Amino acid sequence: MSLKIDHVTFASSGGAGIVAKTLWDFQNRLGNDVELHTLVDRGLRSDPMAHPILTAKASIDEFLIKSPKHKGMLSHMRREFGSFSNLPLRENSLVHLHWIEGVMTHYQVRNLLNQGRSVVWTLHDEAPFTGGCHSSLNCNNYHNLCQDCPAVRPLFVKRILKSHEALIRAGLDATSIRLVTPSQWLKKAAESSSVFRNLPVTLIGNPISIDYFSAPTREVARRKLAIPDNTFVGIVVAAQLDNPIKQVKRLAELFFEATHAHGFASKLLLIGANGDALDRVHGEVMWLGELDALEISQILPAADFLGSASLSESAGMTVKEAGASGIPAIVFRNGGSEELVDDGVSGFLVNDFGTFREKILYLAQNPKHKFLLGKAAKESALDAHPQTVAQKYLQFYEGVI
């Protein structure tokens, strides 16, 4: 049965945007009538003039409302701004929401449901059910009300509480909206929230680009980057490399401390925006800037491992992307990322930087085991093939319409 589907997300870039774009592509390939609606093409940090009003509101959130001690993103001013009326949703289409801060408010979602629309919402972070935090960072206030919010300056604590109360008053916990999360961790968080507590949440993993499944060989990738075969190479991929939650600078320092202390020639590849923030790291860093999936897929096989020291990840799909290229990952046990690594089989899960350092050295000293880990990671990545995930969603939609 052919379906009419409208995907809605803030931008076609970033984690949620890439997921929405990938589903749009493959659901069309499978014979459906699918459109993708975005407010901007790129994120506001990359293109602040794409939407000046939201850029101004996001700046107020970041520099005025958020506490300097809070490492995560916060959406308060911009979450109250809904540009939904500008999106040309088609009549009788199933609406699939993704990341909608600044695009659509909870009340506008409720209005869609009141109109008899079939609505699926894939949650990509915690913002839809908190007072504004995209990552709660172990704060459980959202289970009830976001009182005494530690993420904001004292002057704005009451505003955050009112914002969270407004989400609850929107009444989505009593509607027929169908929620999806890409990780068990985020599923449990949504189900424990005061906003979505009474709603069923379905787990469907995120897809990755088809490009990662046709990556070149290690030799070809290294030749492209002029990296000698005897160099031990790590890689970090993040939308914003200077995001404090990602802890990229500390990871980089640790990588070079470990490899240099044991005499390994080493290089760290960085993919994402703002890599110049690591210019004081003592080691051979190659910052490659912001790249698309095809470009990243041509580089990943040059690495010996992918590193992620993020304090919070809803899904951490860079792990699957690297895995599809046969690259194992070393990942902090935080959020949904740890669900993507079979510890000791397709990579390593660690609790601290000391153990991270040990695993880096282990991979440098045991290339044969590193190859076996990469082989298992490649097999594990098959469940993130875009056609597989697109079909899972199509089956899920049939139970919604």
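Reader: What is the relative accessible area of Asp383?

Author: This is a predicted model, in which local features need pLDDT of at least 70, side-chain atom pairs count only at pLDDT 80 or more, and totals for chains, interfaces and linings use all residues. Residues are numbered from 1 along each chain as its sequence is written, and side-chain values use heavy atoms, with hydrogens and water left out. Buried means under 20% relative accessible area, exposed over 50%, and partly exposed in between (1.4 Å probe, protein chains only). Asp383 is partly exposed, with a value of 43%.

Reader: Which residue forms a salt bridge with Asp383?

Author: A salt bridge here needs a side-chain nitrogen of Lys or Arg within 4 Å of a carboxyl oxygen of Asp or Glu. For Asp383 the closest N and O atoms are 3.0 Å apart.

Reader: Which residues do salt bridges that share partners join into one network?

Author: Side chains of opposite charge can pair when their charged atoms come close. Shared partners link such pairs here. The network holds Arg218, Arg222, Asp229, Asp304 and Lys370.

Reader: How many residues apart in sequence are the parts tied together by Asp229 and Arg218?

Author: The two form a salt bridge, with their closest N and O atoms 3.6 Å apart. Asp229 lies in the loop between α6 (218–225) and β7 (232–240), while Arg218 lies in helix α6. The pair therefore ties together parts whose separation in residues is eleven.

Reader: Asp229 or Arg218: which one counts as exposed?

Author: Arg218 has 24% relative accessibility and counts as partly exposed.

Reader: In which helix do Glu253 and Arg250 lie?

Author: Glu253 and Arg250 form a salt bridge, the closest N and O atoms being 3.6 Å apart. Glu253 is partly exposed at 30%, and Arg250 is partly exposed at 32%. They are three residues apart, about one turn of the helix, and both lie in α7 (residues 248–261).

Reader: At what angle do the axes of α1 and α12 cross?

Author: Axes are lines fitted to C-alpha atoms, for helices over the stretch in contact, and angles run from 0 to 180 degrees between N-to-C directions. Angles under 35 degrees count as roughly parallel, over 145 as roughly antiparallel, 65 to 115 as roughly perpendicular and the rest as oblique. α1 and α12 are therefore roughly perpendicular. The axes of α1 (residues 14–29) and α12 come within 9 Å and cross at roughly 80 degrees.

Reader: Which residues of α12 meet α1?

Author: Contact means heavy atoms within 4.5 Å. From α1 come Thr22, Leu23, Phe26 and Gln27. From α12 come Pro386, Gln387, Val389, Ala390, Tyr393, Leu394 and Tyr397.

Reader: How many charged residues are in the contact of α1 with α12?

Author: Ala, Val, Leu, Ile, Met, Phe, Trp, Tyr, Cys and Pro count as nonpolar, Asp, Glu, Lys and Arg as charged, and the others, Gly among them, as polar. This contact has eight nonpolar and three polar residues. The charged residues number none.

Reader: Within what arc do the buried residues of α3 fall?

Author: In α3 (residues 106–114), His106, Gln108, Val109, Leu112 and Leu113 are buried. The arc is that of the directions from the helix axis to the C-beta atoms. These residues line one face of the helix, because seen down the axis their arc is within 160 degrees.

Reader: Which elements are included in the cover over the buried residues of α3?

Author: Gly116 follows α3, with a positive phi near 90 degrees. The cover over the buried residues includes β3 (94–97), β4 (119–122) and α4 (157–169).

Reader: Which residues does Ser209 touch, not counting residues up to four places away in sequence?

Author: Ser209 lies in the loop between β6 (201–203) and α6. Ser209 is buried, at 12%. The residues touched are Ala293 and Pro386.

Conventions. Helices (H or I, at least four residues) and strands (E, at least two) are DSSP runs, numbered from the N terminus.
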